[in-house]
Amino acid sequence: LAQRGSMSRFPLLLFAASLLAAGDALLLAPGRSVAARPAAPRALATAAEKEGEEEGEDRLGAGGRGGHAVRNMPELSEEEKAVQAAVMEHQRGAARLTMAEDARSLVAYSSGYAVLSTLSSQVDGYPNGALVGFAPDASGLPVFVFSAMSSHTKDLSKVGGQAALTVTAKGFEGAADGRVTLIGDVERVGKEQVEKEGLKELYRERHPNAFWVDFGDFTFYRLASLKAVNFVGGFARAAAPSPDEYLSAEVDPIQAFAAPVMGHMNDDHAESTVAMVMHYVGLPDVEAAQLVALDRLGFMVQVTRQGQTFKLRLPFPRAAADRKDVKSLIVEMTQAAYKDESVQAHLAALAKPEESAAAAGA
């Protein structure tokens with residue numbers, strides 16, 4: 001429930017609560033995006049609602065309940081308020097992976113490198129951080145191969161195994177992208193156990209050029225006891241799944257081939273994504289739409305509308321089982337969207353400037 005005007009009147013805690021309660025469609029200023037999330041518990045929302053009920057506005061754009069407070073934002077028409085309220089309600093009910101599934105999938109499809117934080121053996125009472133390679137095992141817990149000379153190896157052997165591994169989503173660029181921190185006890189793995197569980201093969205599958213796994217001064221370690229999980233899926237989407245929830249969650253199978261599917265859609269069928277967002281989400285006047293995430297339950301779409309860029313959830317009518325099913329669902333949704341007369345009219349209007357530009361350049 002972000003207020004108009006100066007944010008000095010809006011306590012930081014209430015401002016954070018307003019982001020959590022804002023619903024699913026959150027915007028920043030043009031060129032910046034905010035990830036969608038489900039509605040927050042009412043206990044967090046109540047105080048912020050009371051603070052801003054007189055001045056707050058339901059809006060997808062910056063300056064109201066849909067995002068950060070921004071000065072001098074124009075008033076919304078009643079029609080636009082109704083549109084944005086309907087879209088936010090749609091987003092609250094849009095199918096998503098659970099936070100635990102998101103966290104497990106992020107770790108599974110990451111680059112295989114992360115930041116390991118240990119208790120320093122050099123400076124008593126202070127943490128140490130190191131970029132390390134890892135490979136997740138069948139339960140989603142990381143397996144490492146450490147040199148005896150590394151500072152983090154000395155930390156683990158001299159101070160203790162308490163550690164935290166921060167894993168970022170593949171292609172991570174900033175705060176709008178996902179990350180997971182796994183907190184627990186890292187333990188050394190004996191040679192017999194390494195062979196019994198095939199940990200060399202597991203590690204090489206993720207890191208094919210890791211020839212050092214055969215060196216005598218390199219030792220296998222693993223996060224043997226998971227104490228806590230912190231997951232951030234982007235702005236205003238965060239949770240702390242329990243260790244049991246994380247360990248029992250399934251890795252989403254669709255994300256294994258998400259990149260080429262999204263690349264094809266963004267390069268060759270961007271107009272279809274615009275049509276689907278308008279028809280299924282109910283958001284008119286979409287100028288552009290790019291797929292930025294894909295799982296078995298749907299897409300995350302980066303939408304440009306009225307000069308602002310933000311993210312929305314575009315769920316599938318049903319869960320996708322495999323790549324062929326994803327294609328069938330996209331075709332089904334595209335065909336339905338193109339039958340929408342308002343979508344047809346909008347796409348025709350968008351095409352006119354492009355046609356004029358092409359004619360001028362001929």
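Welcome! Three strands form an open sheet here, in the order β9-β10-β11, with antiparallel pairing. The edges of this sheet are β9 (288–295) and β11 (308–315), each of which pairs on one side only. On average, neighbouring strands of the sheet are turned by 25° against each other, direction ignored. Please keep in mind that this is a predicted model. The points below look at the sheet and then at a pair of helices.

**The sheet and the helix on it**

- Strand β10 (residues 298–305) runs antiparallel to β11, and eight bridges join the two.
- To find one of these pairings by eye, look for Val303, whose bridge partner in β11 is Phe310.
- Helix α3 (residues 78–93) packs on the sheet, where it touches β10 and β11.
- The direction of α3 makes about 45° with that of β11.

**Two helices side by side**

- Helix α9 (residues 258–268) packs with helix α11 (residues 323–338) at an angle of about 25°, and their axes are 11 Å apart.
- Because angles under 35 degrees count as roughly parallel, α9 is roughly parallel to α11.
- The crossing in which α9 passes α11 is right-handed.

**Where α9 and α11 meet**

- From α9, the residues Pro260, Val261 and Met265 meet Arg323, Val326 and Ile330 of α11.
- Sorted by class, this contact of α9 with α11 has five nonpolar residues, one charged residue and no polar ones.

Conventions. Residues are numbered from 1 along each chain as its sequence is written. This is a predicted model: local features need pLDDT of at least 70, side-chain atom pairs count only at pLDDT 80 or more; totals for chains, interfaces and linings use all residues. Side-chain values use heavy atoms; hydrogens and water are left out. Two strands pair if DSSP finds at least two bridges between them. Helices (H or I, at least four residues) and strands (E, at least two) are DSSP runs, numbered from the N terminus. Axes are lines fitted to C-alpha atoms, for helices over the stretch in contact, and angles run from 0 to 180 degrees between N-to-C directions. Contact means heavy atoms within 4.5 Å. Angles under 35 degrees count as roughly parallel, over 145 as roughly antiparallel, 65 to 115 as roughly perpendicular and the rest as oblique. A crossing is left-handed if the near helix is turned anticlockwise from the far one by less than a right angle, and right-handed if clockwise. Ala, Val, Leu, Ile, Met, Phe, Trp, Tyr, Cys and Pro count as nonpolar, Asp, Glu, Lys and Arg as charged, and the others, Gly among them, as polar.
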